[in-house]
Amino acid sequence: MADCIFCMIINGDIPSTKVYEDEYVYAFRDINPQAPVHVLVVPKVHIACTADIDESNSVYVAKAYEAIAKIAKAEGLDAGYRVICNCGDDAGQTVKHLHFHILGGVKMTEKMV
């Protein structure tokens, strides 16, 4: 999608601090981190949000979660981490490209964020 900031990051049109990449996903550090470790994991195909996941693209979600486990281990998040995925305006999704936030490096409370 031409006007999607995450598609532009994946394509290298916008710089990012890459943490992980494979044929299915691209992961990079959030420019406004909410925790000591804050990484975004995005599928390399444009999927607007979880409402648009179906049998034709669900492999990208599975691969994203496989990548999340690898990234968490590489980042030393052995004591735990949080994965957040927002879908739609009411959930606070600001970029309409499916993405997963990995937050860690600090003890979190039971509050949602």
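Me: I've got the model open. What kind of model is this?

Reply: It's a predicted one. Let's take a few features in turn, starting with sulfur.

Me: Okay, what is a disulfide, in general?

Reply: A disulfide is a covalent bond between the sulfur atoms of two cysteines.

Me: And how many disulfides does a search of the whole structure find here?

Reply: The search turns up 1 disulfide. Its partners are Cys 49 and Cys 87, with 2.5 Å from S to S. Cys 49 sits in the loop between strand E3 (37-43) and helix H2 (58-74), while Cys 87 sits in the loop between E4 and E5, so the pair ties together parts that are 38 residues apart in sequence.

Me: What about Cys 7, how far away is the nearest cysteine sulfur?

Reply: For Cys 7 that sulfur belongs to Cys 4 and is 3.7 Å away, and Cys 7 is in no disulfide. The cut-off is a pair of sulfur atoms within 2.5 Å. Cys 85 is in no disulfide either: its nearest cysteine sulfur, that of Cys 87, is 6.8 Å away.

Me: Next up, accessibility. Is Cys 49 buried or exposed?

Reply: The idea is to look at the relative accessible area: under 20% is buried, over 50% is exposed, and partly exposed is in between. Cys 49 has 10%, so it counts as buried. Cys 7 is buried at 9%, and Cys 85 is partly exposed at 27%.

Me: Let me try one. Ala 2 has 74%; is it buried or exposed?

Reply: Ala 2 is exposed, because its relative accessible area is 74%. You'll find Ala 2 in the segment before H1.

Me: And Val 41, is that buried or exposed?

Reply: Val 41 has 0% relative accessibility, so it counts as buried. This residue belongs to strand E3. For Val 41 the list includes Val 25, Tyr 26, Ala 64, Ile 68, Leu 98 and Phe 100.

Me: How do I compare distance along the chain with distance in space?

Reply: Take two C-alpha atoms and read both numbers. Thr 17 and Ala 27 are 10 residues apart along the chain, and their C-alpha atoms are separated by 8.5 Å. For Val 41 and Ile 84 the numbers are 43 residues and 10 Å. For Ala 2 and Thr 94 they are 92 residues and 17 Å.

Me: What else do their side chains reach?

Reply: The side chain of His 46 reaches the backbone oxygen of Lys 96 at 3.2 Å. The side chain of His 97 reaches the backbone oxygen of Pro 43 at 2.9 Å. As for accessibility, His 97 is buried at 0%, whereas His 46 is partly exposed at 28%. Residues touching His 97 include Cys 4, Phe 6, Cys 7 and Val 45. Among those touching His 46 are Met 1, Cys 4 and Cys 7.

Me: Last one: what is the volume of the largest pocket?

Reply: About 670 Å³. A pocket is also described by the residues that line it. Here there are 31, and the closest to the centre are Asp 30, Asn 32, Gln 34, His 38 and His 101.

Me: Which element gives the largest share of the lining?

Reply: H1 does, with 3 residues. By class, the lining has 15 nonpolar, 12 polar and 4 charged residues.

Notes:
Residues numbered from 1 in each chain as written. Predicted model: local features only at pLDDT ≥ 70, side-chain atom pairs only at ≥ 80, totals over all residues. Heavy atoms only, no water. Buried < 20%, exposed > 50% of the residue type's maximum accessible area, 1.4 Å probe, protein only. Polar contact = N/O pair within 3.5 Å; in protein donor to acceptor, adjacent residues only side chain to side chain. Contact = heavy atoms within 4.5 Å. Helix = DSSP H or I, 4+ residues; strand = E, 2+ residues; numbered from the N terminus. 1 Å grid on protein atoms, 1.4 Å probe; cavity = no way out; pocket = protein on both sides within 12 Å on 5 of 7 lines; lining within 4 Å. Points joined across faces, edges and corners; volume = space filled by probe spheres on them. Nonpolar A, V, L, I, M, F, W, Y, C, P; charged D, E, K, R; others polar. Lists of a residue's contacts leave out its neighbours within four places in sequence.
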